Amino acid sequence: MSFEPPRRLVTALGETAQDGDDWLAKLPEAVEQAVALRELTIERVHVPGGRSGLVVMVRQADGTPAVLKLVPPRSRPESERAALAHWGGLGAARLLDPECSDGALLLERLHRDVSVRSLPEAKALLEAAGTLRRLWVEPPAGHRFETVAERTGRQAEAMRASSGTEVAPLVDAALAARQELLAAQAEPRLLHGTFRQSKVLAGDRVPWLAVGPDPVVGDAAFDLARLVRDRVEDLIASPSGASITRRRVKKLAESLEVDQERLRGWTLFRAVESGVRALRVGRPQDAELLLEFAGWL
């Protein structure tokens with residue numbers, strides 16, 4: 001298969017693998033092998049696509065539409081496979097090739113151009129929260145998923161290493177919040193890990209299903225925290241953005257029965273971590289939005 005990977009994917013991988021990555025060079029061959037193994041027919045590459053992997057629209061041998069997804073090894077495709085298999089189509093896209101282990105994923109096809117982000121804000125938050133609730137299940141026995149403590153531990157080290165004097169107070173506050181949250185552990189749940197409105201797509205089997213998890217096990221408030229800052233650019237542009245954010249924390253915590261202070265704490269940590277990372281990879285405008293948002297918490 002001869003094709004150019006979507007520009008969005010190339011740019012995103014350049015930010016996260018600045019020391020070089022040959023995954024993109026080997027991608028056409030990997031697609032061909034995955035297609036042959038599953039006896040698929042390629043329709044097209046989804047463009048602009050996502051920032052973490054390649055999505056190819058395909059048809060199975062019986063003509064059923066599906067999606068073939070390939071991501072770099074560092075994005076833990078087998079972890080995503082294990083989570084999707086455990087959810088079994090409840091709240092998330094259904095895995096169609098549970099027996100394969102070549103790093104590719106065959107998934108039920110959703111309407112990739114229609115996410116809950118296309119809905120009015122209040123309705124979008126309601127639908128997204130309802131989808132997220134269905135994903136919070138007990139992790140499988142003997143699981144090998146990364147924990148919230150492990151993931152945020154790596155992130156905390158990167159924050160300490162790259163935070164300048166200007167953002168040091170926010171970094172200190174975020175790290176202190178993490179320590180306090182981990183000291184009082186909540187009941188562990190299997191979490192989506194990167195949940196936001198754009199990760200919830202329209203489906204035919206049910207109205208809305210989540211895609212693209214980077215699964216992690218831990219406090220449900222950690223998962224919900226990313227949803228709090230959805231449409232952050234609109235929040236920053238609003239003269240009442242700070243008060244809207246505080247109301248959003250309260251409303252989401254109450255609707256999903258999550259402790260409000262835990263949600264506020266994880267929202268702070270995740271916003272600061274994302275802001276510092278944006279600075280590190282040369283996205284100062286994104287960093288400014290995220291760090292201003294974090295200052296409201």
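Predicted model: local features only at pLDDT ≥ 70, side-chain atom pairs only at ≥ 80, totals over all residues.
Modeller: Residues are numbered from 1 along each chain as its sequence is written, and side-chain values use heavy atoms, with hydrogens and water left out.

Colleague: What makes residues 121-135 helix 4, and how does the span compare with the expected one?

Modeller: Helices are DSSP runs of H or I with at least four residues, strands are runs of E with at least two, and both are numbered from the N terminus. Helix 4 has 15 residues. The expected span is 1.5 Å times one less than the number of residues. Helix 4 reaches 21 Å from its first C-alpha to its last, close to the 21 Å expected.

Colleague: Which residues of helix 4 are buried, and how do you know that they lie on the same side?

Modeller: Buried means under 20% relative accessible area, exposed over 50% and partly exposed in between, with a 1.4 Å probe and protein chains only. Ala124, Leu125, Ala128, Ala129, Thr131, Leu132 and Leu135 are buried in helix 4. They cover an arc of only 165° around the axis, so they sit on the same side of helix 4; the arc is that of the directions from the helix axis to the C-beta atoms. The face turned away from the buried side carries the exposed residues Ala122 and Leu126.

Colleague: What covers the buried residues of helix 4?

Modeller: Contact means heavy atoms within 4.5 Å. The cover includes helix 3 (77-87), helix 7 (220-228) and helix 9 (241-255), along with strands 6, 7 and 8.

Colleague: Why is the pair of Glu121 and Arg248 called a salt bridge?

Modeller: The term requires a side-chain nitrogen of Lys or Arg within 4 Å of a carboxyl oxygen of Asp or Glu. For Glu121 and Arg248 the N to O distance is 2.1 Å, so the pair meets the cut-off. The pair links helix 4 to helix 9, 127 residues apart. Glu121, at 32% relative accessibility, counts as partly exposed, whereas Arg248, at 5%, counts as buried.

Colleague: What does the salt bridge of Asp97 and Arg38 tie together?

Modeller: The side chains meet at 2.7 Å, N to O. Asp97 lies in the loop between helix 3 and strand 4 (104-108) and Arg38 in helix 2 (residues 27-38), so the pair ties together parts that are 59 residues apart in sequence. Asp97 is buried at 5% relative accessible area, and Arg38 is buried at 11%. Arg38 and Asp97 also belong to a salt-bridge network with Glu78, Arg81 and Asp102.

Colleague: Why is the pair of Phe222 and Trp266 called edge-to-face?

Modeller: Rings of Phe, Tyr and Trp (its six-membered ring) pair if their centres lie within 6.5 Å; planes under 30 degrees apart count as stacked, over 60 as edge-to-face and the rest as tilted. This rule gives 3 aromatic pairs. Phe222 and Trp266 are 5.3 Å apart centre to centre, with 90° between the planes, so edge-to-face is the label under these cut-offs. Phe222 lies in helix 7 and Trp266 in helix 10, so the pair ties together parts that are 44 residues apart in sequence.

Colleague: How do you know that Arg270 lies over the face of Phe222?

Modeller: A charge sits over a ring if NZ of Lys or CZ of Arg is within 6 Å of the ring centre and within 35 degrees of the ring normal. Arg270 lies over the face of Phe222 at 4.2 Å from the ring centre.
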